[in-house]
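Good morning, everyone. Please take a moment to look at the sequence and the model before I go through them with you.

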Amino acid sequence: MEMFAKSRNLIPFLLRSRKCCYNTNSTAAIFIQRRFDSVKAGEQLDLYNYREDFDRDDQHQQTLNFPGGRVPITPRMKFISELSEKRLPCYRVLDDDGYLIPGTIFEQVSKELALNMYSTMVALQTMDTIFYEAQRQGRLSFYLTSTGEEAINIASAAALTLDDIVLPQYREPGVLLWRGFTLEEFTDQLFGNKADYGKGRQMPIHYGSNKLNYFTVSSPLTTQLPQAAGVAYSLKMDKKEACVVVYFGDGSTSEGDFHAGLNFAAVMEAPVIFLCRNNGWAISTPVTEQFRSDGIAIKGQAYGIRSIRVDGNDVLAVYSAVRAARQMAIKEQKPILVEAMTYRVSHHSTSDDSTKYRCVKEIEQWRTEKSPITRFRKWIQRNGWWADQNETELRGNIRKQVLEAIQAAEKVEKPPLTDLFGDVYDKVPSNLQEQERFIRDTIKRHPKEYPSDVPL
Ligand SMILES: Cc1ncc(C[n+]2csc(CCOP(=O)(O)OP(=O)(O)O)c2C)c(N)n1
Ligand SMILES: [Mg+2]
């Protein structure tokens, strides 16, 4: 009631200052006023003053005023082309050989930061290799690697602060690694043991951490985009010095939620970075069969979102672009879209064999000479910051730590059966109670069929 009264008091002011043509008693006006406290859309109310517009148009015929703004007129019937003449260029700092491209503008990185980013990319690559093998040995039920996309993972994470909230797709565990998720936390989730925060109820790789501001991975594609717009809007309302970063693949942009998320964020001026990993594939569907536009960045512009295309295999380009995007998102309170061009080197997941639908030679080229890790190593080595000896030590150490973490996680007991039915409802509903009785009864009748490491 009090809020209502306050809003009512504001209306006369609002109407005077914005030459608004709304009925003063309209509750719509009250709600619109509240919304405009957070976004600049209210300024556009001026555009609704049709009387004045008609007068102006009589005098100057060059433009027409529509509710969305002034539009120039043309006597020519001209359709806009489906493609611009030139493809949108890709921002790059390092060339294929790890040399700085002459004239490139980028965010300087210290030796410490560069080595940190490099080591974490190597750690991610090592984790991927070992966890993938563990799945092949039948020790894990499922796995999915980020091979080829290590720079997007690590350099984007390095450009953020821990206050920034991450909504991942699933191919971004490097962001979590950078934030301090331990190898034990990774393996506890993968093995679904009782230390796993999800209590073993999620598929492997569905990591999440409240502490590290990292939403839990959810497999239904693109649901994280409209959610990200909402989370970012809440940061805006709380006037936080932070933004949201939402990751997604090229394939995810075909979901309706992509469009809803972008439009919502643009209109509400939400501080969110939409970070698209355009890796060429959505399982077996190539981007050429996914969309006919020149990639993703231009779609940002269509929604009124400042956008950039960047070489996702270039650590310095990703780092610089995301740093700039973060600053703009927070300072200007608006969304930014980053399209990071890359290649999904791995099979989609352990349930896929990508050699059935793409050329092995192409995969190998991206795995070796186009690897973001190799390119960045050339740069740090040329700077005198890294040597072959450091490489051997680093890889040996990480391998040992990952293997130890696996062995430890494998030995930890699984969460008890009861956990399967908890944490969703305040009172377990009768159908779930019935399912629990049923499973317990089945276990009694067939005890050998029940895994011995899951407590009853
Ligand atoms: C709504 C929905 N539709 C389909 C799927 C099945 N699916 C899982 S991953 C995937 C491909 C996604 O490709 P992309 O977004 O490019 O990410 P990438 O795997 O290349 O990183 C599909 C179709 C799903 N998980 N959710
Ligand atoms: Mg993809």
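This is a predicted model: local features need pLDDT of at least 70, side-chain atom pairs count only at pLDDT 80 or more; totals for chains, interfaces and linings use all residues.

Through how many residues does a hairpin join S1 to S2? The hairpin joins S1 to S2 through two residues. Residues are numbered from 1 along each chain as its sequence is written, and chains are lettered from A and ligands numbered from 1 in the order in which they are written.

Strand S1 (residues 63-66) and strand S2 (residues 69-72) run antiparallel and are joined by four bridges, where strands pair if DSSP finds at least two bridges between them. Within this pair, Asn 65 stands opposite Arg 70 in S2.

Now the whole protein. Its secondary structure comes to 16 helices and nine strands, and these are DSSP runs numbered from the N terminus, with helices (H or I) of at least four residues and strands (E) of at least two. Of the 456 residues, 35% count as buried, a residue being buried if 20 or more other C-beta atoms, placed from the backbone, lie within 10 Å of its own.

Next, helix H12 (residues 315-331), which has 17 residues and reaches 24 Å from its first C-alpha to its last, close to the 24 Å expected at 1.5 Å a residue; the expected span is 1.5 Å times one less than the number of residues. Its buried residues include Val 315, Tyr 319, Val 322 and Arg 326. The buried residues of H12 pack against several elements, among them helix H4 (111-136), strand S5 (272-278) and helix H14 (372-382), and contact here asks for C-beta atoms, placed from the backbone, within 7 Å. After H12 comes Gln 333, whose phi is positive, near 50°.

Helix H9 (residues 256-268) also has buried residues, including Phe 258, Leu 262 and Met 268, and the buried residues of H9 pack against helix H8 (224-237), S5 and helix H11 (297-302). Just after H9, Glu 269 takes a positive phi of about 50°.

Finally, which residues are closest to ligand 1? Of the 16 residues that surround the ligand, the closest are Leu 221, Gly 249, Gly 251, Ser 252 and Ala 282, where near means a C-beta atom, placed from the backbone, within 6 Å. Strand S4 (244-249) and strand S6 (281-282) are the elements that give two or more residues to this shell.

Terms used. A residue is buried if 20 or more other C-beta atoms lie within 10 Å of its own, exposed if 12 or fewer, and partly exposed in between; C-beta atoms are placed from the backbone. Two residues are in contact if their C-beta atoms, placed from the backbone, lie within 7 Å.
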